[in-house]
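Keep the viewer open and follow the selections in the order given. Each stop says what to pick and what is found there.

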Amino acid sequence: MIIPATRTEVASFFIRLTSLPPSTLEIDEQKTVSQQSLTWSFKDMDGNTVSLNSLSDKPIFLNFWATWCPPCIAELPGIKELHKVYGDRINFVLVSNESRAKVRGFAKEKGFDQLPFYQNEDVPREFSSQSIPTTFIISKNGNIVLDKKGVAKWNSEKVEELLDKLIAEE
């Protein structure tokens with residue numbers, strides 16, 4: 001029997017073991033982020049306001065997650081590894097609607113405090129989803145090239161190839 005206090009960790013472990021790399025969108029399936037969504041803003045862990053369009057100098061890895069969500073927790077180690085390799089060439093934006101204090105405490109306890117977490121409750125319609133985690137990878141020119149609902153293995157060769165391609169684009 002699983003002890004309730006460890007249920008999330010155990011579930012996250014098994015989810016992580018069975019997760020697969022995400023699939024990219026075909027060219028004809030890609031959408032350009034709307035001007036309205038580009039002006040969407042959120043708060044960093046220090047309370048500073050950041051807008052999506054202020055990050056358009058690099059591709060964007062936009063992830064919606066929560067501290068109570070086992071699939072979200074399961075994919076954070078892979079995101080952490082990806083961030084270690086690409087953090088200076090990709091804008092990582094990990095958004096939760098939970099309080100900054102809750103996210104900060106979780107990140108420190110679990111060893112994710114170097115990840116760029118943000119807080120916001122109002123999400124543009126084109127990024128809203130009925131499930132978390134949800135992740136979008138957006139090119140420098142504003143195209144959504146990946147739209148993944150649910151857990152994925154982010155530190156994979158397939159994702160790295162996509163990010164390398166997006167970084168190389170002019």
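How many disulfides does the count come to? The count is 1 disulfide, in what is a predicted model.

**Stop 1: the disulfide**

Select Cys 69 and Cys 72 and show their side chains. A disulfide joins Cys 69 to Cys 72, with an S to S distance of 2.5 Å. Turn the view to look along the bond: the torsion about the S-S bond of Cys 69 and Cys 72 is about 75°, so the disulfide is right-handed. Are these cysteines buried or exposed? Cys 69 has a relative accessibility of 3% and counts as buried, because the limit for buried is under 20%. Cys 72 is buried too, at a relative accessible area of 1%.

**Stop 2: the aromatic pairs**

Next, colour the Phe, Tyr and Trp residues. The count of aromatic pairs comes to 11. One of them is formed by Phe 61 and Trp 154; it is edge-to-face, with 5.0 Å centre to centre and 85° between the planes. This pair links distant parts of the chain, 93 residues apart: Phe 61 is in strand S4 (residues 60-64), and Trp 154 is in the loop between strand S8 (143-149) and helix H5 (157-168).

Now move to Trp 65 and Phe 106. Their ring centres are 5.4 Å apart and their planes lie at 45°, so the pair is tilted. Here too the pair links distant parts of the chain: Trp 65 sits in the loop between S4 and helix H3 (70-86), Phe 106 in helix H4 (residues 100-110), and the two are 41 residues apart. Trp 65 is buried, with a relative accessible area of 3%; Phe 106 is buried, with 8%.

To finish with the rings, select Trp 40, Phe 42, Phe 64, Tyr 118, Phe 127 and Phe 136 together. Ring pairs link these residues into a cluster.

**Stop 3: Gln 119**

Gln 119 counts as buried at 14% relative accessibility. Which residues is Gln 119 in contact with, leaving aside its neighbours within four places in sequence? They are Phe 42, Lys 43, Met 45, Ser 96, Asn 97, Glu 98, Ser 99 and Arg 100. Draw a distance from Gln 119 to Asn 97: their C-alpha atoms are separated by 5.5 Å, while the residues are 22 apart along the chain. Phe 42, from the ring cluster, is among the contacts of Gln 119.

Terms used
Residues numbered from 1 in each chain as written. Predicted model: local features only at pLDDT ≥ 70, side-chain atom pairs only at ≥ 80, totals over all residues. Heavy atoms only, no water. Disulfide = S-S within 2.5 Å. Buried < 20%, exposed > 50% of the residue type's maximum accessible area, 1.4 Å probe, protein only. Contact = heavy atoms within 4.5 Å. Phe/Tyr/Trp six-rings, centres within 6.5 Å; stacked < 30°, edge-to-face > 60°. Helix = DSSP H or I, 4+ residues; strand = E, 2+ residues; numbered from the N terminus.
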